[in-house]
Protein chains: 2
Amino acid sequence: MKNIETIANEYKKLQQAIIKTLEEADEKGKFRNDKWTSELGTGVTSVISDGAIIEKGAVNFSYVKGKFSSGMEKILGEKASQYSATGISSILHPHNPWMPIIHMNVRYFALDNGTSWFGGGIDLTPHYINTTDAADFHQTLKDICDQYNSTFYPDFKKRADEYFYLPHRNETRGIGGIFFDRLKPNEENSLETLFKFTVSLAKQYPVIYCNLMKKHGRRPFSSQEKEWQNLRRGRYVEFNLVHDRGTKFGLESGGNIESILVSLPASATWKYNYEPEPGSKEEQTLLVLKKGINWVDGKTIE
Amino acid sequence: MKNIETIANEYKKLQQAIIKTLEEADEKGKFRNDKWTSELGTGVTSVISDGAIIEKGAVNFSYVKGKFSSGMEKILGEKASQYSATGISSILHPHNPWMPIIHMNVRYFALDNGTSWFGGGIDLTPHYINTTDAADFHQTLKDICDQYNSTFYPDFKKRADEYFYLPHRNETRGIGGIFFDRLKPNEENSLETLFKFTVSLAKQYPVIYCNLMKKHGRRPFSSQEKEWQNLRRGRYVEFNLVHDRGTKFGLESGGNIESILVSLPASATWKYNYEPEPGSKEEQTLLVLKKGINWVDGKTIE
């Protein structure tokens with residue numbers, strides 16, 4: 001039976017394994033490990049800047065403990081006096097508009113009353129949606145989920161659609177992926193099983209991105225395609241600053257601001273009333289930034 | 001005695017006067033008036049793109065009526081069934097890093113229970129702080145305020161410092177200005193007086209900016225100075241998406257998304273752990289992005 005100490009140790013090793021895989025594929029960029037300690041705990045913020053393919057990215061690990069506040073009690077509906085939490089979170093922004101932005105998070109949250117759960121997910125935000133890549137991406141996630149529980153993929157895919165969504169734009173952030181939270185060990189899914197599930201996801205994460213890097217990382221692109229990428233990054237900024245719960249929580253709780261906002265792209269643009277040309281590949285992408293698309297089976301809207 | 005109808009009409013005329021003054025000073029850019037009507041009311045969103053000096057800006061007018069919801073009741077501590085609101089709001093983002101970003105808003109809010117008030121302000125966000133400009137700017141605002149009530153400038157200046165502040169960065173957005181809300185007509189300040197005060201502000205607004213355009217609008221700048229401008233714009237985006245009440249209210253209430261987010265700059269950048277060189281002019285600016293600076297009297301921190 002695992003405790004949070006051993007889970008944190010394994011996540012910490014995984015962080016460095018992810019970094020190694022990404023550095024090998026980028027061939028130029030190096031992550032810089034910034035270790036930090038605070039009154040809450042410790043962490044390693046690892047940031048890459050100006051790689052050959054990855055323009056800006058981070059793979060962060062943290063392990064913290066603290067008082068279970070009345071605010072947390074209210075939100076989580078749990079009674080406890082202390083919490084511990086450990087996790088890895090990562091975002092990668094590429095230079096190349098043909099490459100997607102990717103995001104991954106796995107985390108374990110334990111209360112001193114004995115309750116604990118996992119949360120996390122992986123999601124993809126292409127600047128241009130490639131339906132083959134989208135099907136591959138979702139199939140890969142489905143395959144991992146199915147190894148653990150056949151309900152995971154359909155449940156968690158739906159939750160990603162709900163979560164990675166900009167209501168003020170009526171657009172999904174990208175093609176989604178999987179998102180889960182409050183996944184508690186029970187008779188069906190042991191703590192060991194759930195932990196292994198998060199490890200499988202975190203291991204697959206750099207593999208998914210490295211395959212995309214090989215395929216699209218060095219493709220030529222026009223200034224118009226770069227412009228579109230910057231507009232899409234504007235939406236990513238809107239999502240992260242307006243909606244993302246992790247960012248909000250971090251900003252409100254006084255977390256390390258540079259570690260929190262490292263998720264923002266190197267640059268972004270906004271144009272008033274911008275609409276892509278009818279029939280353009282930009283419009284094709286916008287048209288499928290919708291919830292409920294069955295990407296695995298060839299993007300039929302459910 | 002004015003009613004909201006006549007106030008709205010005068011604000012609407014003022015909007016076009018502001019636009020005219022700005023267009024003349026820019027010499028190239030033209031505002032495009034987009035009239036809109038919705039179930040709530042009417043408005044004119046006027047946007048300028050790619051002027052000679054103004055890169056992106058808007059001067060928006062609106063006049064709306066609606067049900068006074070229980071949410072509004074709670075926030076405002078007032079009981080009523082209907083509200084009406086009219087106002088002008090404007091943001092101007094320049095190309096040139098030596099030029100500041102400027103923001104102005106005047107608004108009138110009236111309830112069907114007879115209560116009404118004005119709100120608004122003007123604030124300046126220089127990319128590089130010029131203390132002469134800062135003193136002139138605050139002196140101009142103080143002079144207008146003093147014509148109406150000697151308590152206005154000290155009160156509203158303090159409120160601007162509090163409002164235009166990024167707690168997660170411990171930085172003010174810029175050098176502040178004045179900010180006021182719930183300014184209700186009373187024995188001391190009649191409705192007519194308060195209305196004239198907002199008109200004086202709205203009239204002075206383009207004059208302030210046109211003077212700055214003459215002084216800095218065509219100054220040469222380096223790519224390093226442009227880079228700094230883009231980083232400062234990143235902070236502007238953070239403020240508007242994370243803190244600004246008007247933006248939040250607009251996004252949550254389902255307002256016209258393009259009119260609301262036209263406040264965002266054309267572009268912005270984020271760098272992990274960026275710190276300006278010690279002694280540089282960038283650091284000099286950062287050091288005075290603080291609350292409580294008495295700009296009029298030569299920037300002594302109170």
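Modeller: Chain A contains nine helices and 12 strands, where helices (H or I, at least four residues) and strands (E, at least two) are DSSP runs numbered from the N terminus. This is a predicted model, in which local features need pLDDT of at least 70 and side-chain atom pairs count only at pLDDT 80 or more, while totals for chains, interfaces and linings use all residues. Residues are numbered from 1 along each chain as its sequence is written, and chains are lettered from A and ligands numbered from 1 in the order in which they are written.

The radius of gyration of chain A, taken over C-alpha atoms, is 19 Å; this is close to the 19 Å that the globule rule (2.2 Å times the number of residues to the power 0.38) gives for 302 residues, so chain A is as compact as a globular protein of that length. Its C-alpha trace spans about 55 × 40 × 35 Å along the principal axes.

Turning to the contact itself, chain A contributes 22 residues and chain B contributes 22 residues; two residues are in contact if their C-beta atoms, placed from the backbone, lie within 7 Å. On the side of chain A that touches chain B, two or more residues each come from strand E2 (41-49), helix H6 (223-243), helix H8 (257-260) and strand E10 (267-269) of chain A. The largest share, four residues, is that of H6(A). By class, this side of chain A has 14 nonpolar, five polar and three charged residues; Ala, Val, Leu, Ile, Met, Phe, Trp, Tyr, Cys and Pro count as nonpolar, Asp, Glu, Lys and Arg as charged, and the others, Gly among them, as polar.

Strand pairing also crosses between the chains: E10(A) and strand E10 (residues 267-269) of chain B run antiparallel and are joined by three bridges. There, A:Ala268 stands opposite B:Ala268.

Chain A is superposed on chain B by a rotation of 180 degrees with 0.0 Å of shift along its axis (RMSD 0.0 Å), using least squares on the C-alpha atoms of residues with pLDDT of at least 70 in both. That is the relation of a two-fold axis. The same surface serves both copies, as 100% of the contact residues of chain A recur in chain B.

Notes:
Two strands pair if DSSP finds at least two bridges between them.
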